[in-house]
Amino acid sequence: MNFRNKIVWITGASSGLGEAMAKLFNEQGAQLILSSRNVTALERVQQSFLNKEASSVIIPLDLREYNTFEELTKKAINAFGKIDILINNGGISQRSFAVDTPFSEELRLLETDLIGTIALTKAALPQLLLQKGQIVVISSVMGKINTKYRTSYAAAKHGLVGYFESLRLELADEGVNVCNIMPGFIATNITKNSLGTSPELVKSSQNNLGLSPEKFAVQALDAIYRRKGNVYIGGFKERAAMIIKRISPAIFDYFIKNQKVT
Ligand SMILES: NC(=O)c1ccc[n+]([C@@H]2O[C@H](COP(=O)([O-])OP(=O)(O)OC[C@H]3O[C@@H](n4cnc5c(N)ncnc54)[C@H](OP(=O)(O)O)[C@@H]3O)[C@@H](O)[C@H]2O)c1
């Protein structure tokens, strides 16, 4: 696995999966464009890079501010002259019932996870076609299954899977790969940053027992290097849930109905 001379633009690089992937891309020689809202956190990630020979730049970006994406894409291309790989990773999750979640919050999630990701991809697409590059989307198992406490999150992630699997077909003959990575539970700050969260939920979250972001990053970069299509990364339970859901949605619903998935 070697990403020397590859220019990688990664959203949500300030925390969790994005941070872990950025660090590994840096070790593998990639030049990075780091994006999210929190510039101080992005600077911390940048300063932690071990490979000081591989350059990186920070381009602040809010996934809900779609009207800035054309300009930010130009800035990203100007940073190193091209973009080879766009990693759509930034996002937020949910830990609340729909009935308790204000519409404005569900909208915030959909705008961040779904619409912002589509809008940024469209802004970068002409460049990725030119480079015969790669589009990566960090969706979720929640793009293939569904549980309680995740209405808008499941909607966003199902939407992403649908959009990017269709886009993969459209780009297949253009030399651009679309890699859809579906993580299970990974131990990041995702519960802390979710809609409807609480300190109790953060403490008891199943994410705390999930795969480490560093282990996730190794498998994710391997999949990106091999230009894979759909990839699941996580534990056995979530993989089994995806298989049961595919075989029998009714049996899946029967078993998942009483699970408190927090
Ligand atoms: N951890 C898991 O178990 C898991 C499982 C399945 C899928 N995922 C997906 O993996 C991705 C990364 O999540 P994580 O686990 O690493 O969570 P995290 O630690 O909370 O990181 C989320 C990242 O998204 C960025 N972000 C949030 N809102 C944004 C906005 N409006 N504009 C730009 N960036 C924004 C955050 O940066 P700023 O705050 O600096 O903007 C942060 O870097 C998400 O798409 C998530 O749905 C995670």
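Modeller: Let me begin with a definition: buried means under 20% relative accessible area, exposed means over 50%, and partly exposed is in between, with a 1.4 Å probe and protein chains only. This is a predicted model, in which local features need pLDDT of at least 70 and side-chain atom pairs count only at pLDDT 80 or more, while totals for chains, interfaces and linings use all residues. Residues are numbered from 1 along each chain as its sequence is written, and side-chain values use heavy atoms, with hydrogens and water left out.

Biologist: OK, so is Arg226 buried or exposed?
Modeller: Arg226 counts as exposed, because its relative accessibility is 54%. Arg226 also forms a salt bridge (a side-chain nitrogen of Lys or Arg within 4 Å of a carboxyl oxygen of Asp or Glu) with Asp222, and their closest N and O atoms are 3.0 Å apart. Asp222 is partly exposed, with a relative accessible area of 26%.

Biologist: How many salt bridges are there in the whole structure?
Modeller: The search finds 8 salt bridges. One of them joins the side chains of Glu19 and Arg44, at 3.0 Å from N to O. That pair links distant parts of the chain, since Glu19 is in helix α1 and Arg44 is in helix α2, 25 residues apart. Here helices are DSSP runs of H or I with at least four residues, strands are runs of E with at least two, and both are numbered from the N terminus.

Biologist: Changing topic, which residues come nearest to the ligand?
Modeller: Of the 31 residues around the ligand, Ser15, Arg37, Tyr153, Thr188 and Asn207 come nearest, where a residue counts as near if one of its heavy atoms lies within 4 Å. Both α1 and α5 (151-171) supply at least two residues each to the shell around the ligand.

Biologist: What about the distances from the ligand to Arg37 and Thr188?
Modeller: An N or O atom in the side chain of Arg37 is 2.7 Å from an oxygen atom of the ligand, and a polar side-chain atom of Thr188 lies 2.6 Å from a ligand oxygen. Taken alone, the ligand exposes 880 Å², and the protein buries 94% of that; such areas come from the Shrake-Rupley method with a 1.4 Å probe, and for residues only the protein chains shown count as cover.

Technical notes
A polar contact is a pair of N or O atoms within 3.5 Å; within protein, one must be able to donate a hydrogen and the other to accept it, and residues adjacent in sequence count only if both atoms are side-chain atoms.
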